[in-house]
Every structure is written in C-alpha cells, then in structure tokens.
Amino acid sequence: MAQMLIGVLLVMCLASVPLARGRLGALAEVRFRAAWLALVAIAGQILIISLLPQGDVWLHHAVHLATYGLIAAFLWANRHIAYLWLAALGGALNLAAITANGGVMPADPDALEAAGVHQQAGDFANSTAVAHPHLSFLGDVFAVPASWPVSNVFSVGDVILVVAALLALHCLCGSRLALVRFAAPLAR
C-alpha cells in the first residue's frame, strides 16, 4: 500500500516537470547501468508482499532485506545520475530500521490506526507494529488519514525518496527548478 502512496506522489512529481518548463522526453535519454538489479528487487518485493504474503517468515524477511541489497548495488552502479545519492540515503534509513527489527519496518500503531491499515494475521507485512521496535523514529511513523483516497503510513526515508525523485526529475529534464549543484557529488 505504501507503494501506491509513493506512486501517486511520483506521478505528481512527473506532472510538475512540464509546469517548470522541463522536457519529460529527456527521461528517454537516461541510460541506467545494471537495470536488471532494480527489476529483480522490485519483482522480489511484489512476490513477498502481494503475490505470496503467506509462508516462511524467515524467508520473507531474508528476501525483503536482499531486495535492499540489490537496490543498493543498482544505485551504486548509477551514482552518476542526478540525486540517486539522495535516494540511496532514504533507502539506507529505511534499511537501517528494517534490519534493526529483524526484516520488517516498524510502524507506529497510532499511525496504522489513523491510516486505517489492517493487516491479516499470518501474512508477511513489510511494515507492521513491532512489540519493542529499534530505531522506531526511522519507521513508518507518519500517516495519511484513512479518509483520504491513498491512505497509508510512511517514514522519513520515504519522504527523502520522494524528494530525491522530484529533484532528479527536474535535473534530468532541465526544468527551471533544477538544482544541479548537488545532483551527483559521488560521480565527480
């Protein structure tokens, strides 16, 4: 469900590019290295979260953590692309919380309730209330209320990921809002 919220925000980021006189067609010119790493990671997350949420808990947690490793390798291979370093920071914050809690993102019970998130017992949840969470401040502590069409919980890392996407899109598409100075410091 968080993916749906992030997806809506990413569509809004895309829509902002032409408003700032950017050229969306420039995205077709971006060449990613080792794109298969990201595709396998996304497929792994879809598999454990949506297609096969039931099964061995240890295996689900291991696959969840492994998908972050694949994404980290993809980001490193593409560190020359604008603001992927910032996306890596957001992902690293999420990974820290997930790793510290045995493969699951700790979610604030009040945030889950506010967002109207109800989970099935026995299903793998990539984000759930944890009895004694570690690094809970990095967990899903924010909520979009259940009364909104795309309600869910999200983390600081998720916010950073969306900001990174917004900044990257504006740089790559050459909009008036592009902040090129900090776009790819690791590539220099």
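**Notebook: helix packing and the core**

I began with H4 and H6, whose axes come within 8 Å and cross at roughly 165°. (Axes are lines fitted to C-alpha atoms, for helices over the stretch in contact, and angles run from 0 to 180 degrees between N-to-C directions; helices are DSSP runs of H or I with at least four residues, numbered from the N terminus.) H4 is therefore roughly antiparallel to H6, a label for angles over 145 degrees. This is a predicted model, in which local features need pLDDT of at least 70 and side-chain atom pairs count only at pLDDT 80 or more, while totals for chains, interfaces and linings use all residues. Residues are numbered from 1 along each chain as its sequence is written, and side-chain values use heavy atoms, with hydrogens and water left out.

**Entry: who meets whom between H4 and H6**

I listed Leu86, Ala87, Gly90, Gly91, Leu93 and Asn94 on H4, against Val156, Gly157, Asp158, Ile160, Leu161, Val163, Ala164 and Leu167 on H6; contact means heavy atoms within 4.5 Å. By class I have nine nonpolar, four polar and one charged.

**Entry: Asp158**

Is Asp158 buried or exposed? Its relative accessibility is 10%, so Asp158 counts as buried, the cut-off being under 20% relative accessible area with a 1.4 Å probe and protein chains only. Asp158 lies in helix H6. Leaving out residues up to four places away in sequence, I found Asp158 touching Ile6, Asn94 and Asp140. I also checked Gly90: its C-alpha is 6.3 Å from that of Asp158, though 68 residues separate the two in sequence.

**Entry: H3 and H4**

Next I looked at H3 against H4, which pack at about 160° with axes 10 Å apart. That pair is therefore roughly antiparallel too. From H3 I noted His64, Leu65, Tyr68 and Leu75; from H4, Leu84, Ala87, Ala88, Gly91, Asn94, Leu95, Ile98 and Thr99. This contact divides into eight nonpolar, four polar and no charged residues.

**Entry: the core**

Which residues have the most contacts inside the largest nonpolar core? I found Phe74, Ala82, Tyr83, Leu84, Leu86, Cys171 and Ala183, in a core of 17 residues. (A nonpolar core is a set of buried Ala, Val, Leu, Ile, Met, Phe, Trp, Tyr and Cys residues joined through side-chain atoms within 4.5 Å.) Helices H2 (35–51), H3 (57–77), H4 (84–100) and H6 (156–172) each give two or more residues to this core. H6 has the largest share, with five.

I finished on Tyr83, which touches Ala164, Leu167, Ala168, Cys171, Leu179, Phe182 and Ala183, again not counting residues up to four places away in sequence.

Conventions:
Buried < 20%, exposed > 50% of the residue type's maximum accessible area, 1.4 Å probe, protein only. Parallel < 35°, antiparallel > 145°, perpendicular 65-115°, else oblique. Nonpolar A, V, L, I, M, F, W, Y, C, P; charged D, E, K, R; others polar.
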